[in-house]
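Here is my note on the structure you sent over. I have kept it to numbered points so that you can follow along on your screen.

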Amino acid sequence: MRKSRIAPLVVVAVTLAATGLAVTVPVLPASAARVDATCGDNADDARVIQAAIDSSKEGDEVVFKGPCLINATITLRDRRTYRGDSKAGALIKQADGANLPAMLASETWVDDKPYSSDTVRIERLTLDGNRDNNTGTVGLMLRSWNSRIYDVDIFGAPSDGIRLSNPSKNGTLLQNTMVNSVISDIYIEASGGAGIKVVDPGNSITDWTLQRSWIAFSGTSAIESDNAAGWVMSELHLYGVPKHAIDAHRCFGTSIQNNYIEDFGGEGAAGQTYFGIRCDLQGEASSTITGNRIHNFAPPAAEKAGARRSRQLGTAPLERHRSFTTALPAGGKYVYLALDGVNYGTGHASVTGNTVLGRGTKQETGLLYSKADGESMSIASTGNLVDNVGTPRATGRGVKITKGY
C-alpha cells in the first residue's frame with residue numbers, strides 16, 4: 001500500500017499573561033501555494049508546464065495561462081489542483097504530428113505504478129486534441145481515486161475524450177482501486193473514439209459519479225464502460241453517436257437516471273445492434289434505470305462535420321436538425337433500453353419512468369430484458385412510455401417481470 005505523506009504538527013507552548021497558565025497551540029504547515037504555468041503558444045510549452053508542476057508541492061494549485069501548444073504528455077502529480085486562469089484563456093492544444101498517447105495523464109499511469117494516483121482536481125480548462133493532424137491521443141487519461149473533474153471542455157481528441165484506465169502506459173494493472181471520484185459539468189465533442197471510456201480488466205474502477213455533462217459526435221459511442229459497478233450516471237445529454245449512447249457493463253448497484261439521449265447508431269452497419277442504454281447485470285446488488293428520455297432523431301450525416309468546423313472557428317454549435325422523415329439506416333437494429341445479460345447469480349434491476357419514442361420500424365425494440373447465459377433475472381418494469389417502435393418489449397426466458405409494489 002502507498003504510504004501517505006502527512007506534514008507533522010509542530011506544537012509550541014504559549015503562556016497566558018493574565019493567568020500564568022501554559023497551553024499548547026499547534027502550528028500548522030505553511031498554506032498551499034499557487035504555481036503559474038505561463039505558456040507562449042510555442043514548442044517550449046510542454047516543458048514549461050511540466051517544470052511548473054514538478055516544482056509544486058502537495059496541496060499546491062497549478063494554474064495554466066494559455067494558449068498552450070504541447071508536444072509531450074503532461075504528467076499530473078498527485079494531491080494537487082490543476083485549473084485554468086479562465087476556461088477560454090486556458091486552451092491547451094496538441095501540436096501537429098505530436099501523436100501523444102495522452103495530452104494530460106495521471107502520474108501513476110505515466111510512471112507505470114501498480115497503484116492509483118489520488119486526490120487530483122482539474123477544472124476550467126479547454127483541451128484541443130487537434131484530431132485532424134494527430135492520431136491515437138486521449139485527451140485526459142485518468143488513473144486516480146478521490147478526484148474531481150469540473151468545468152472542462154475537450155474537443156477533437158484523436159482517440160477517447162476521457163479515459164479511465166486500470167492498465168498503465170505499459171500495461172501494468174492496478175493492485176488497488178480508483179474509486180470515489182466525480183466528473184461533472186464537462187463538454188466533450190468530436191472525439192475519434194468514445195467520449196468517455198472506462199478500461200478495467202480487473203475490478204478497480206467503481207463508484208464514480210458522472211453528471212451534468214454533454215457528449216456529442218463521438219467516433220464510436222458516447223460512453224463505453226467495462227465496469228459500471230456503483231456508478232451514478234445522471235443528467236447527461238448525449239447525441240450524434242454512430243454506435244451506442246451508453247454501453248455499460250457489470251451493473252452492480254448502478255444508477256442510470258434522468259439522461260437525454262437524442263440519437264444513436266448512426267453508422268447503421270448491417271447485422272449490428274445499437275443501444276440507447278445498455279447494461280449487463282451482476283448478481284447480489286440491484287440497479288436502477290429511471291427517468292431517461294431516449295430518441296433516435298437521425299440527424300443528417302453532414303451535421304457531425306459541420307459541428308467540428310464550428311468548434312474550430314470558436315462559434316457555438318450549429319442548430320440541430322431533428323427529423324422523423326429521414327429513414328434509419330436499413331442494415332442495423334436499434335434497442336432503446338436493454339438489460340441483455342447476467343454475469344453471475346440473479347440480476348436485479350428496477351426500470352421505471354423512462355420514455356422511448358421510436359421511428360415506427362420493425363428494426364426497433366423499446367425495452368429488452370435477457371439473462372443471456374446467466375442464471376436468472378428479476379426486473380421491476382413499470383411506468384415506462386414506449387411509443388412507435390416495432391417491438392415495445394422483448395423478454396427472454398428466465399426473466400421475471402414485476403410491476404413492483
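The points below go from the whole chain to single elements and residues.

1. First, a word on what we are looking at: this is a predicted model. The chain has 405 residues, and buried residues make up 51% of them. Its secondary structure comes to 3 helices and 35 strands.

2. Two more numbers describe the chain as a whole. Among contacts with a separation of 6 or more, 73% are between residues 24 or more positions apart.

3. Strand 25 (residues 273–281) pairs with strand 28 in the parallel sense, over 7 bridges.

4. The largest nonpolar core has 79 residues, and the members that touch the most others are Ile122, Leu140, Ile162, Leu164 and Leu339. Strand 28 gives this core its largest share, 5 residues. Another core lies apart from it and has 6 residues, including Ala102, Ala105, Trp109 and Met141.

5. Setting aside residues up to four places away in sequence, Leu339 touches Cys279, Leu281, Ile289, Ala349, Val351, Leu368, Tyr369, Ser370, Met377 and Ile379.

6. Which residues of helix 1 are buried? In this helix, residues 45–55, they are Asp45, Ala46, Ile49, Gln50, Ala52 and Ile53. They sit on the same side of helix 1 because they cover an arc of only 155° around the axis.

7. What does each side of helix 1 meet? Its buried residues pack against strand 3 (34–38), strand 4 (61–65), strand 5 (68–70), strand 6 (74–76) and strand 7 (81–84). The face turned away from the buried side carries the exposed residues Arg47 and Ser55.

8. Is Leu100 buried or exposed? Leu100 lies in the loop between strand 8 (91–94) and strand 9 (102–106). Its relative accessible area is 6%, and buried means under 20%, so Leu100 counts as buried. Leaving aside neighbours within four places in sequence, Leu100 is in contact with Ile70, Asn71, Ala72, Thr73, Gln94, Thr135, Gly136 and Thr137. Leu100 and Gly139 are 39 residues apart in sequence, and their C-alpha atoms are 9.4 Å apart in space.

9. Last, a polar detail. Ser376 is found in strand 32, residues 376–382. Its side chain makes a polar contact with the side chain of Thr346, at 2.7 Å. With neighbours within four places in sequence left out, Ser376 is in contact with Val342, Gly345, Thr346, Gly347, Lys371 and Gly398.

Conventions
Residues numbered from 1 in each chain as written. Predicted model: local features only at pLDDT ≥ 70, side-chain atom pairs only at ≥ 80, totals over all residues. Heavy atoms only, no water. Pairing = 2+ DSSP bridges. Helix = DSSP H or I, 4+ residues; strand = E, 2+ residues; numbered from the N terminus. Core = buried A, V, L, I, M, F, W, Y, C linked by side-chain atoms within 4.5 Å. Buried < 20%, exposed > 50% of the residue type's maximum accessible area, 1.4 Å probe, protein only. Contact = heavy atoms within 4.5 Å. Arc of directions from axis to C-beta. Polar contact = N/O pair within 3.5 Å; in protein donor to acceptor, adjacent residues only side chain to side chain.
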